[in-house]
Amino acid sequence: MIDSSPNSNHPSPDNNPPSFLRRIPIAFGAFFGALSDAGFAGRIERVRDGMPVPTPAPVPAAPVTAPAPAPKPAAPTPDTALQLLSLFQRDARLIDFTQENLSGFSDADIGAAARVVHEGCAKVLREHFTIVPVRDEAEGSRITLNDGFDARAVRLTGNVVGKAPFNGSISHRGWRAAEVRLPTLAAGHDTTVLAQAEVEL
């Protein structure tokens, strides 16, 4: 990068005359530098009149320090996951449903239970999350993914060959959590207890 600050006298790094595009920031820097710095304006005047410009004393190079090691990722804590699982159990009986042996039930019975689980899970998601599609286009729409598309948000399937741009159709719009509203855990709360045992008296 060309240093066009008022204190810069450095020529082009390759000792060749700078191109037109490189002269634009140099010209702006010289203009504003001359307005704000009388010494810099004097150096410009000496260059214009063909007089030698004093060479500034070399600045000693700063010692090179090794970059600090990247911080280690924090160990995952299960509290949030356990809290969410407890909410699904409270409102949807999700754990009860998944722990039940369904081999002795008819499809109609399973369907009726699944409806309750579905409604409860939807309630938890509505109350504690704002979920939006990753892609706004309708499923089945044809789209083009240009180079640099976010591979964390879009997964390519099917015959993936070559490099972007990729042309394909959306088979699933994806989901993204735009907001999370989980309740604050009380001090001393045991998150491993997903549902309390019930004792009828």
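**Close-up 1. Lysine 123 and its salt bridge to aspartate 91 in the predicted model.** Lysine 123 is partly exposed, with a relative accessible area of 31%, where buried means under 20% relative accessible area, exposed over 50% and partly exposed in between (1.4 Å probe, protein chains only). Its side chain meets that of aspartate 91 in a salt bridge (3.6 Å, N to O), a term that requires a side-chain nitrogen of Lys or Arg within 4 Å of a carboxyl oxygen of Asp or Glu. Because aspartate 91 lies in helix 3 and lysine 123 in helix 5, the pair ties together parts that are 32 residues apart in sequence; helices (H or I, at least four residues) and strands (E, at least two) are DSSP runs, numbered from the N terminus. This is a predicted model, in which local features need pLDDT of at least 70 and side-chain atom pairs count only at pLDDT 80 or more, while totals for chains, interfaces and linings use all residues. Residues are numbered from 1 along each chain as its sequence is written, and side-chain values use heavy atoms, with hydrogens and water left out.

Close-up 2. The side chains of glutamate 137 and arginine 135 meet in a salt bridge at 2.8 Å, N to O; glutamate 137 is partly exposed at 27% relative accessible area, and arginine 135 is partly exposed at 23%. In another salt bridge, aspartate 150 meets arginine 152 (3.1 Å, N to O), with aspartate 150 partly exposed at 34% and arginine 152 exposed at 79%. Salt bridges that share partners join Arg90, Asp91, Lys123 and Glu127 into one network, and the count of salt bridges comes to 7.

Close-up 3. Arginine 93, in the loop between helix 3 (79-92) and helix 4 (94-99), has a positive phi of about 55° although it is not a glycine, and its relative accessible area of 45% makes it partly exposed. Proline 165 lies in the loop between strand 2 and strand 3, and a cis peptide bond with an omega of about 10° joins alanine 164 to proline 165. Most residues other than glycine have a negative phi, and most peptide bonds are trans.

**Close-up 4. The largest pocket.** The largest pocket has a volume of about 540 Å³. Of the 21 residues that line the largest pocket, the closest to its centre are Val154, Arg155, Leu156, Thr157 and Ser169. Strand 2 (142-145) and strand 3 (166-169) are the elements that give two or more residues to this lining, and strand 3 gives the most, with 4 residues. A pocket is an open set of points on a 1 Å grid over the protein atoms alone, where a 1.4 Å probe fits, with protein on both sides within 12 Å along at least five of seven lines, and lining residues have an atom within 4 Å of a point. Grid points are joined across faces, edges and corners, and a volume is the space filled by probe spheres set on the points.

Close-up 5. Threonine 191 lies in the segment after strand 4 (175-180) and is buried, with a relative accessible area of 8%. The C-alpha atoms of threonine 191 and threonine 80 are separated by 8.4 Å, although these residues are 111 residues apart along the chain.
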